[in-house]
Amino acid sequence: MQSVSVLIPAYNEEATLAALFEQARQVLEKIHADYEFILCDDASKDSTKEIIKGLIASSPKSKAIFHERNQGIFITFEELYQAATKEFVILFPGDGQWSPELLPLALEKVANGDDVVVAARRDKQYTLFRKINSWFFNKLVVILYGVDLYDIGAVKLVRRRILNDIKVDTSSAFSEAERLLKAHKAGYKIGVIWVDHQERKQGQARGARMSYIIQAFKDLVLFRFRYK
């Protein structure tokens, strides 16, 4: 029986959160996995907090973290990672753009020896500007580091000891790439599955701000000297 922590960060995701949770729960029950849910409300302004309270009340395999003030993506993700207790960890954004149906495919890959499985997107539901930015960012990682991480911003199934043992120094969108690069250098095996990416039903992506993009590219280049 495979063991997996499903982490769901949410900020104003009242339209999609409950459906994502239930779909993931059904998939995990179907494959007889040992699982837990950990949800985090990052000080939402809609009914996300109340929805999370209802979800954890209905499922004994779930718990929640509530932020009194908005902490942002990096702090929220790291807090969720450290709260996980199962052998493998996967983080599904609460916006519903990733289908939990990818879970059996990812778990099959780790059963065959992968330590990280990147759920790379066939067609990203982004604006043209974000598609170009994402393509260039991923290509630059290959050029500077000689490692193909497939889709850095994608959902990933990760062996929990990687999250515990490998600490990141950056706090931008590059931090996910930093952890994978360090894992690759430490000898962990990184695999990939290709999945469909759904359109966002409501809200606005928080990682699309120009200041976030500039900082991520800056960290991407500067980390090259430490990595070497």
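This predicted model holds six aromatic pairs. They make a friendly place to start, and two of them are described here in detail.

**Two ring pairs**

Phe 21 and Phe 37 form a tilted pair, with 4.3 Å from centre to centre and 40 degrees between the ring planes. The tilted label applies because planes under 30 degrees apart would count as stacked and planes over 60 as edge-to-face. Phe 21 belongs to helix H1 (residues 17–30) and Phe 37 to strand E2 (residues 34–41), so this pair ties together parts that are 16 residues apart in sequence. Phe 21 counts as buried, at 2% relative accessibility, and Phe 37 is buried as well, at 0%.

In the pair of Phe 137 and Phe 217, the arrangement is edge-to-face: the centres are 5.1 Å apart and the planes make 85 degrees. Phe 137 sits in helix H5 (residues 128–145) and Phe 217 in helix H8 (residues 210–227), so the link joins parts that are 80 residues apart in sequence. Phe 137 is buried, with a relative accessible area of 9%, and Phe 217 is buried with 17%.

Here are the two pairs in brief.

| Pair | Type | Centre to centre | Angle between planes |
|---|---|---|---|
| Phe 21 and Phe 37 | tilted | 4.3 Å | 40 degrees |
| Phe 137 and Phe 217 | edge-to-face | 5.1 Å | 85 degrees |

**More about the rings**

**How H1 and its neighbour pack**

For H1 and helix H2 (residues 48–58), the angle is about 25 degrees and the axes are 10 Å apart. That makes H1 roughly parallel to H2, because angles under 35 degrees count as roughly parallel. The crossing of these two helices, H1 and H2, is right-handed. On the H1 side, Leu 17, Ala 18 and Phe 21 take part in the meeting; on the H2 side, Thr 48, Ile 51, Ile 52 and Leu 55 do.

**The buried side of H3**

Helix H3 (residues 73–83) has its own set of buried residues: Thr 76, Phe 77, Glu 78, Leu 80 and Tyr 81. What do the buried residues of H3 pack against? Their partners are strand E1 (3–10), E2, strand E3 (62–66), strand E4 (88–91), helix H6 (160–165) and helix H7 (175–185).

Val 118 lies in strand E5 (residues 116–121). Is Val 118 buried or exposed? At 0% relative accessibility, Val 118 counts as buried. Leaving aside neighbours within four places in sequence, its contacts include Leu 149, Tyr 150, Asp 151, Lys 156, Leu 180 and Ile 190. Lys 156 is 38 residues away from Val 118 along the chain, yet their C-alpha atoms are separated by 4.6 Å.

Tyr 150, one of those contacts of Val 118, is found in the loop between H5 and strand E6 (156–159). Its phi is near 70 degrees, a positive value in a residue other than glycine. Tyr 150 counts as partly exposed, at 30% relative accessibility.

Tyr 150 is also touched by Asn 138, a residue of helix H5. Asn 138 is buried, with a relative accessible area of 13%. Not counting residues up to four places away in sequence, Asn 138 touches Lys 124, Tyr 150, Asp 151 and Ile 152.

**Two loop residues to look for**

His 32 sits in the loop between H1 and E2. His 32 has a positive phi of about 60 degrees although it is not a glycine. With a relative accessible area of 58%, His 32 is exposed.

Ser 59 lies in the loop between H2 and E3. Ser 59 is buried, with a relative accessible area of 6%. From Ser 59 to Ala 173 there are 114 residues in sequence and 32 Å in space, C-alpha to C-alpha.

Methods. Residues numbered from 1 in each chain as written. Predicted model: local features only at pLDDT ≥ 70, side-chain atom pairs only at ≥ 80, totals over all residues. Heavy atoms only, no water. Phe/Tyr/Trp six-rings, centres within 6.5 Å; stacked < 30°, edge-to-face > 60°. Helix = DSSP H or I, 4+ residues; strand = E, 2+ residues; numbered from the N terminus. Buried < 20%, exposed > 50% of the residue type's maximum accessible area, 1.4 Å probe, protein only. Axes fitted to C-alpha atoms, helices over the stretch in contact; angles between N-to-C directions. Parallel < 35°, antiparallel > 145°, perpendicular 65-115°, else oblique. Left-handed = near helix turned anticlockwise from the far one by under 90°. Contact = heavy atoms within 4.5 Å.
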